[in-house]
Amino acid sequence: MFDIKQVYEPMCLKSALEIYQNNPHLTIIAGGTDVLINLRHGKYEEVELLSLQKIKGLDEIKILEDGTIEIGALTTFTKIFRNDIINKHVPILAEAAVSMGGPQIRNIATIGGNICNGAVSADSAPALFTLNALLYLETANASRTIPITEFYAGPGRVKLQPGEILTKILITKDNYENFKGKYFKFSNRKAMDIAMIGVAVLLNTTDNKVNDLRIALGVSAPTPIRCQEAEKTSLGLELTEENMKRISELTILDAKPRDSWRGSKAYREHLIKVLTYRALRELRGNK
Amino acid sequence: MDELKRKISFNVNDEQVSLEVDIRTSLLEVLRNELHLTGVKQGCGVGECGACTVLIDGEPIDSCIYLAIWADGKTITTVEGLAKNGKLSKVQEAYVNEGAIQCGFCTPGLVLTTTALVEKGEQLTDEEIKREISGHFCRCTGYQKIFMAVKKVLEDK
């Protein structure tokens with residue numbers, strides 16, 4: 001048995017937001033693949049849950065009139081991985097989605113939960129960081145939009161205000177059109193494992209010269225991060241072997257990986273450089 | 001009414017059931033302890049080994065990290081629901097024919113995930129088959145026979 005004291009099961013978002021406003025101490029549960037495991041491990045006692053399972057309509061993926069891709073926060077990883085819009089316009093996110101957990105986990109775990117959980121290893125985060133994804137947060141009487149790059153506060157901590165629920169993830173057209181992306185998850189096992197390092201690279205070039213390059217890392221700092229130095233330096237550079245190596249080396253200026261039982265700091269730094277280079281090479285193609 | 005109890009109904013193996021469940025229980029606990037469907041195995045309890053897999057509205061889900069109250073209104077299949085009139089399903093037969101069973105603890109979950117793959121009717125590459133069954137741990141057979149059983153039954157379709 002789980003150490004649960006109460007479960008609220010609202011049928012719609014409006015009622016969920018009202019309940020949360022009046023009871024900000026509640027723990028939100030969506031797919032449950034983090035919350036219930038934490039409960040099993042005794043992390044919470046007599047927890048009171050606000051379950052979003054019965055809310056309809058928050059698991060849809062669509063393209064708005066201005067080309068913005070909107071992903072409902074309750075969309076499962078399986079749905080993201082199989083969705084036509086995602087595969088056509090932001091395949092890097094499909095790659096990230098299918099790298100997470102195993103099939104049974106992906107069938108119920110939600111992208112909103114993956115983000116709000118604040119894990120440094122969240123597989124959706126590096127891809128969403130490169131896409132400059134926006135998070136739409138709602139309370140019972142207000143809403144705001146915040147870039148995902150400003151949402152993380154530290155390991156397991158995000159900047160949600162009391163009573164606030166993440167309802168949508170938005171990717172604007174200028175952040176995916178003419179970009180190609182690649183996500184590498186490096187882990188000890190191919191499936192059912194947590195990333196030792198996650199590297200997402202999103203690239204826009206003309207004649208092999210960089211117009212816009214974005215590199216985001218998971219498990220490389222207390223939050224997912226962008227490699228600002230490498231990105232800045234890359235602007236206008238031609239993607240020659242030498243420049244790709246140089247850009248990959250610069251990722252280390254922003255990365256601050258740790259030693260842990262999953263991998264040492266030195267090995268992680270090596271991986272960050274190698275995987276960034278590998279992604280650049282793959283995205284550039286044979287030149 | 002007791003705050004910790006909630007009445008739910010769902011369809012399990014083609015049978016409609018209504019019962020009062022404790023909000024603290026997992027679907028695994030209700031299926032095993034209330035409905036005596038002991039083909040659902042408890043392994044790790046944290047969604048890693050896949051022994052507790054059941055189909056919920058056709059999708060493989062780890063029932064150990066699924067609240068029992070969430071089953072309300074759903075259609076659930078456990079391994080007990082696969083054989084019809086005493087005859088094994090195609091997937092079950094494939095596992096027997098390939099010798100893909102040793103101790104049997106992971107088998108119900110794997111057979112259910114395979115059943116979901118067969119019902120979706122997609123063509124899968126070898127790599128995709130491995131990916132789709134990767135949420136199950138088997139500590140006996142080394143997976144090759146399981147892989148062959150899945151491959152054969154998908155090809156038979």
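How many residues does the contact take from chain B, and how many from chain A?

Reply: The contact takes 24 residues from chain B and 20 residues from chain A. Two residues are in contact if their C-beta atoms, placed from the backbone, lie within 7 Å. This is a predicted model, in which local features need pLDDT of at least 70, side-chain atom pairs count only at pLDDT 80 or more, and totals for chains, interfaces and linings use all residues. Residues are numbered from 1 along each chain as its sequence is written, while chains are lettered from A and ligands numbered from 1 in the order in which they are written.

Now the chain B side. β4 and α4 (126-132) of chain B each supply at least two residues to the side that touches chain A. Helices (H or I, at least four residues) and strands (E, at least two) are DSSP runs, numbered from the N terminus. β4(B) gives the most to this side, with four residues. By class, the side of chain B that touches chain A has nine nonpolar, eight polar and seven charged residues. Ala, Val, Leu, Ile, Met, Phe, Trp, Tyr, Cys and Pro count as nonpolar; Asp, Glu, Lys and Arg count as charged; the others, Gly among them, count as polar.

Chain B also has a contact within itself. Its parts are domain 1 (5-81) and domain 2 (90-156), with bounds from an automatic or database domain assignment. The contact between them takes 15 residues from domain 1 of chain B and 13 residues from domain 2 of chain B. On the domain 1 side, β3 (53-56) and β4 (59-62) of chain B each give two or more residues. Here β3(B) gives the most, with three residues.
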